Amino acid sequence: MQTDDGDSMLQGLKVLDLTTVVFGPYCTQILADLGADVIKVEAPGGDALRYSAKPAKTNGMAPSFLALNRGKKSLLLDLKDDEAKAQLRKLVAEADMLIHNIRAEAMERLGFGYEAAKSLNPEIIYVHCVGFGSDGPYGGLHAYDDVIQAASGAATLLPRVDGNAKPRYLPSLIADKVAGLHAAYASMAAMIHKLRTGKGQFLEVPMFEAFSNFMLKEHLGGLTFDPPVGPACYSRQIDPDRQPFPTSDGYISIVPYQIDHFLKVVALLGDEEFAREARFQSVKGIVEGSADIYRRIGELTAQKTTDEVLSIMRAAQMPAMPVRDMQDMTADPHLDAVGFFQRSEHPTEGTVLNLREPTRFSEWSPASPRPAPNLGDISDGFDS
């Protein structure tokens with residue numbers, strides 16, 4: 001279903017994308033998914049993400065690059081060349097947004113800092129994706145996902161859960177992706193402001209601040225109050241006993257979120273006598289005995305198959321899901337039913353899986369996105 005005028009959500013929005021790797025490209029991929037015309041400006045050799053992950057079928061078209069750059073066009077420009085600079089100046093004059101993650105000093109030297117871009121296009125929305133806010137002592141430092149996980153405290157979360165004191169990264173480019181989401185909503189907010197006022201503006205989106213904001217929503221914990229009333233972290237999230245439960249053929253997640261659900265789960269699994277023990281007949285007793293309750297749940301689930309436990313929990317409307325291996329995600333029946341994985345034909349890579357835009361709109365359904373571009377697949381500019 002399309003809008004009444006047949007256009008996509010961001011039809012007509014022209015975005016110059018000078019970003020690389022994950023943070024910025026995730027932002028511009030979202031804009032492209034929603035219908036923006038995105039030109040990815042690449043230096044000779046292209047975005048490093050093109051070559052960063054295996055397996056890949058074609059050099060320069062790594063899986064993560066395909067996922068984060070679909071819907072875009074690639075324009076190859078060597079900005080050390082005067083003709084290339086002239087072409088970029090023309091595109092800046094036509095664009096609604098310019099989004100980049102190049103050091104501010106380098107952009108100034110190239111002649112494409114904010115003031116220079118504003119002189120070419122007074123209404124431009126100029127988005128700078130940075131590692132750390134420019135007005136702090138870390139301003140200008142290089143930042144990658146691992147660095148931000150370390151600086152934000154995220155690398156100390158797993159030790160709190162499993163007792164292994166060694167800091168570890170969460171195995172996901174989570175800081176990059178969270179920052180990309182922040183950049184996407186900030187860019188669209190600036191566009192709404194421009195539609196109201198006619199004014200463009202400069203936006204700085206710092207990964208460290210964006211990810212720290214994201215993580216501290218729950219993990220600021222007792223430090224929320226001044227003076228603090230307890231330690232950092234949301235105790236429920238770092239509870240070492242709150243983990244998937246073993247079954248006879250795998251693992252299952254059961255979430256007895258409400259306090260009375262803890263003993264209900266034990267009873268449902270067949271040990272009503274344990275659930276009736278006197279020590280658990282108050283909220284205080286359940287909280288203090290939660291480790292024993294979790295242990296007993298695990299003992300009971302281990303005696304049943306995953307499907308048996310799941311059937312019991314579903315019948316009681318208790319939140320539960322089997323633990324699925326990442327390798328098996330493409331076979332998930334729910335994702336299949338909602339059309340989450342969409343196959344498309346790439347001009348050089350053959351059939352590829354796309355992850356559809358997850359949000360549903362009642363007045364618009366996205367068309368199949370343009371495939372991720374080969375390096376320099378266009379030589380001109382925006383769609384007319």
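Predicted model: local features only at pLDDT ≥ 70, side-chain atom pairs only at ≥ 80, totals over all residues.
Reader: Which residues does Ile125 touch, not counting residues up to four places away in sequence?

Author: Ile125 touches Asp96, Met97, Leu98, Ser187, Ala190, Met191, Lys194, Gly200, Gln201 and Leu203. Touching, or contact, means heavy atoms within 4.5 Å. Residues are numbered from 1 along each chain as its sequence is written, and side-chain values use heavy atoms, with hydrogens and water left out.

Reader: What makes Ile125 buried?

Author: Its relative accessible area is 0%. Buried means under 20% relative accessible area, exposed means over 50%, and partly exposed is what lies in between (1.4 Å probe, protein chains only), so Ile125 is buried. You'll find Ile125 in strand 5 (residues 125-130); helices (H or I, at least four residues) and strands (E, at least two) are DSSP runs, numbered from the N terminus.

Reader: How many helices and strands are there in the chain?

Author: There are 15 helices and 11 strands. Of the 384 residues, 42% are buried. Take the contacts between residues at least 6 apart in sequence: 68% of them join residues at least 24 apart. The C-alpha atoms fill a box of roughly 80 × 50 × 40 Å along the principal axes.

Reader: Why is helix 8 called roughly perpendicular to helix 9?

Author: Helix 8 (residues 174-197) packs on helix 9 at an angle of about 95°, with the axes 9 Å apart. Angles of 65 to 115 degrees count as roughly perpendicular, under 35 as roughly parallel, over 145 as roughly antiparallel, and the rest as oblique; that makes helix 8 roughly perpendicular to helix 9. The axes are lines fitted to C-alpha atoms, for helices over the stretch in contact, and the angles run from 0 to 180 degrees between N-to-C directions.

Reader: Which residues meet in the contact of helix 8 with helix 9?

Author: Ile174, Ala175, Asp176, Val178, Ala179 and His182 come from helix 8, and they meet Met207, Ala210, Phe211 and Phe214 in helix 9. By class, that contact holds eight nonpolar residues, one polar and one charged. Here Ala, Val, Leu, Ile, Met, Phe, Trp, Tyr, Cys and Pro count as nonpolar, Asp, Glu, Lys and Arg as charged, and the others, Gly among them, as polar.

Reader: And how do you know that helix 10 is roughly parallel to helix 13?

Author: The axes of helix 10 (residues 261-268) and helix 13 (residues 290-301) come within 10 Å and cross at roughly 25°. That angle makes helix 10 roughly parallel to helix 13. Phe262, Leu263, Val265 and Val266 in helix 10 meet Ile293, Tyr294, Arg296, Ile297 and Leu300 in helix 13. The residues of this contact divide into eight nonpolar, no polar and one charged.

Reader: What makes the pair of Phe262 and Tyr294 edge-to-face?

Author: The planes are 70° apart and the centres 5.7 Å apart, hence an edge-to-face pair. The pair links distant parts of the chain, with Phe262 in helix 10 and Tyr294 in helix 13, 32 residues apart. Phe262 and Tyr294 are both buried.

Reader: How do you know that Gln317 counts as exposed?

Author: Its relative accessibility is 72%, so Gln317 counts as exposed. Gln317 sits in the loop between helix 14 (306-315) and strand 9 (320-322). Gln317 has a positive phi of about 55° although it is not a glycine.

Reader: What about Cys233, buried or exposed?

Author: Buried: the relative accessible area of Cys233 is 12%. Cys233 also has a positive phi, about 90°, without being a glycine. Its place is in the loop between helix 9 and strand 7. Pro227 is found in the loop between helix 9 and strand 7 (245-247) too, and the peptide bond from Asp226 to Pro227 is cis, with omega near 5°.

Technical notes
Phe/Tyr/Trp six-rings, centres within 6.5 Å; stacked < 30°, edge-to-face > 60°.
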